[in-house]
Amino acid sequence: MKAMLADENKNLVWSDVADPIIKEDEVLVKIYAAALNRADLLQRQGKYPSPKGCPEWMGLEISGEIAELGENVTNWKIGDKVCALLGGGGYAEYVAVKYDMLMPVPKGLSMEEASALPEAYATSYLNLFIEGHLEKGQTAFIPAGASGLASVAIPMAKAFGARVITSVLSDEIAEKIAPLGADIIINSTTQSVEEILKAEEENGTPVNVSMDCLSGETLGKSLPFMARGGYWIVISTLAGIETNVPLRPLLTKGLHLVGSMLRNRTPEFKAYILAELVEKVWPKIESGAIKPSIYKVLPIEQAEEAHAILERGENIGKVVLKINHNK
């Protein structure tokens, strides 16, 4: 089969590799689409290798069709349309997947839309509801509103009855992400995030949960204005790896500052998250309350351009690679 490898110069090359050999608790998935994540860019640079036992090439979430079953797999059948969370290996024609890392494609979704579900939806659900304990009527702060992850997290939080604040870098971007449904969109170039969060606290609507991929200085400046017992979940540090955290409000308000990564969770815990998604989130997708946001679909052979879109930060929603098996 073919897979997308990074050569010694970090160029992406559609290359011949060995076919996957499935274990008794795995299935072979014929991949139709693979959605991009920022982790793919880091992996290409050699900074975020696949976990042990996973293919070396990129790709954390895919959709496709089951082509072969391991001898111990009884809850799936050949021909089932599925999407899957991977440790790596999605930029390819086929991948071996443990049975409990699979989810059915929600009714009414295209394969391209389904490929954009597993990583982003699992990450959002984990950090908003499991780590952050977000409840109906509470306020969530989800910065970087134009990111692929925010395009999932904002509608998800809204669908479960939360109020959402987000931030972007310009009024133009704010206008583009307005359909996601955030209640407040902060232009962080012209407005102070911490001042707005302070005003929200004074108005009686403080932030209960933050799912923060930016971090940096704004984290420490904003933390004191959270609701009592609030959860600030750090999932990445795109805006900086250091901040000054005032400890007094952390103590007096009983705040929680939590670091969280989906990738280093146990397979058993990931399977639990996926089961939660199918039970609680899939019905909202099938009803139309939550809809995947796709920015652009490109053939796998144009993976370089797909990566460039993420690097330029131009996408509002997910970028997806489509695999053509007719060549």
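**Close-up views of a predicted model**

Y272 is partly exposed, with a relative accessible area of 41% (buried is under 20%, exposed over 50%, partly exposed in between; 1.4 Å probe, protein chains only). This is a predicted model: local features need pLDDT of at least 70 and side-chain atom pairs 80 or more, while totals for chains, interfaces and linings use all residues. Residues are numbered from 1 along each chain as its sequence is written, and side-chain values use heavy atoms, without hydrogens or water.

**View 1. Helix α3 is largely enclosed by the rest of the structure.** The helix spans residues 118–131 (helices are DSSP runs of H or I, at least four residues; strands are runs of E, at least two; both are numbered from the N terminus). Of its 14 residues, 13 are buried. H133 follows α3 and has a positive phi, near 55 degrees.

**View 2. F129 and F160 make one of four aromatic pairs in the whole structure** (rings of Phe, Tyr and Trp, the last by its six-membered ring, pair with centres within 6.5 Å; planes under 30 degrees apart are stacked, over 60 edge-to-face, the rest tilted). The ring centres of F129 and F160 are 4.9 Å apart and the planes stand at 55 degrees, so the pair is tilted. It joins distant parts of the chain: F129 belongs to helix α3, F160 to the loop between α4 (150–159) and β9 (163–168), 31 residues apart. F129 is buried, at 16% relative accessible area. F160 is partly exposed, at 24%.

**View 3. F269 and Y272 form a tilted aromatic pair.** Their centres lie 5.8 Å apart, with 35 degrees between the planes. Both residues sit in helix α9 (residues 267–287). They are three residues apart, about one turn of the helix. F269 counts as partly exposed, at 25% relative accessibility.

View 4. K284 lies over the face of F160, at 4.8 Å from the ring centre (NZ of Lys or CZ of Arg within 6 Å of the centre and within 35 degrees of the ring normal). Elsewhere, the charged end of R263 sits over the ring of Y48. There the distance to the ring centre is 4.1 Å.

**View 5. E131 and R265 form a salt bridge, with the closest N and O atoms 2.9 Å apart** (a side-chain nitrogen of Lys or Arg within 4 Å of a carboxyl oxygen of Asp or Glu). The partners come from distant parts of the chain: E131 from helix α3, R265 from the loop between β13 (256–259) and α9, 134 residues apart. E131 and R265 are both buried. The count of salt bridges comes to 17.

**View 6. K2 forms a salt bridge with D16.** The closest N and O atoms are 3.1 Å apart. The pair links strand β1 (residues 2–6), which holds K2, to strand β2 (residues 12–16), which holds D16; the two residues are 14 apart. K2 is partly exposed, with a relative accessible area of 26%. D16 is exposed, with 63%.

**View 7. K81 forms a salt bridge with E65.** Their closest N and O atoms are 3.4 Å apart. K81 lies in strand β5 (residues 81–85) and E65 in strand β4 (residues 61–69), so the bridge ties together parts 16 residues apart in sequence. K81 is partly exposed, at 40% relative accessibility. E65 is also partly exposed, at 22%. Another site has E305, R312 and E314 linked in a network of salt bridges.

**View 8. The largest pocket has a volume of about 1,300 Å³.** Its lining has 46 residues, and the closest to its centre are R38, S147, C213, S236 and L238. Elements that give two or more lining residues are α1 (38–44), α3, β9, α7 (217–222) and β15 (318–322). Helix α3 gives the most, with four residues. On a 1 Å grid over the protein atoms alone, a pocket is an open set of points with protein on both sides within 12 Å along at least five of seven lines, and a cavity is a set where a 1.4 Å probe fits but cannot get out; lining residues have an atom within 4 Å of a point.

**View 9. The second largest pocket holds about 740 Å³ of space.** Of its 32 lining residues, E26, G53, C54, G87 and A96 are the closest to its centre. The elements that give two or more residues are β6 (94–98) and α9. Strand β6 supplies the largest share, five residues.

**View 10. The whole structure has two cavities of 30 Å³ or more.** The largest cavity holds about 50 Å³. L60, L85, L86, E119, L262, R263 and K270 line this largest cavity. The second largest cavity has a volume of about 40 Å³. Its lining includes I142, P143, S147, M211 and C213.

Terms used
Points joined across faces, edges and corners; volume = space filled by probe spheres on them.
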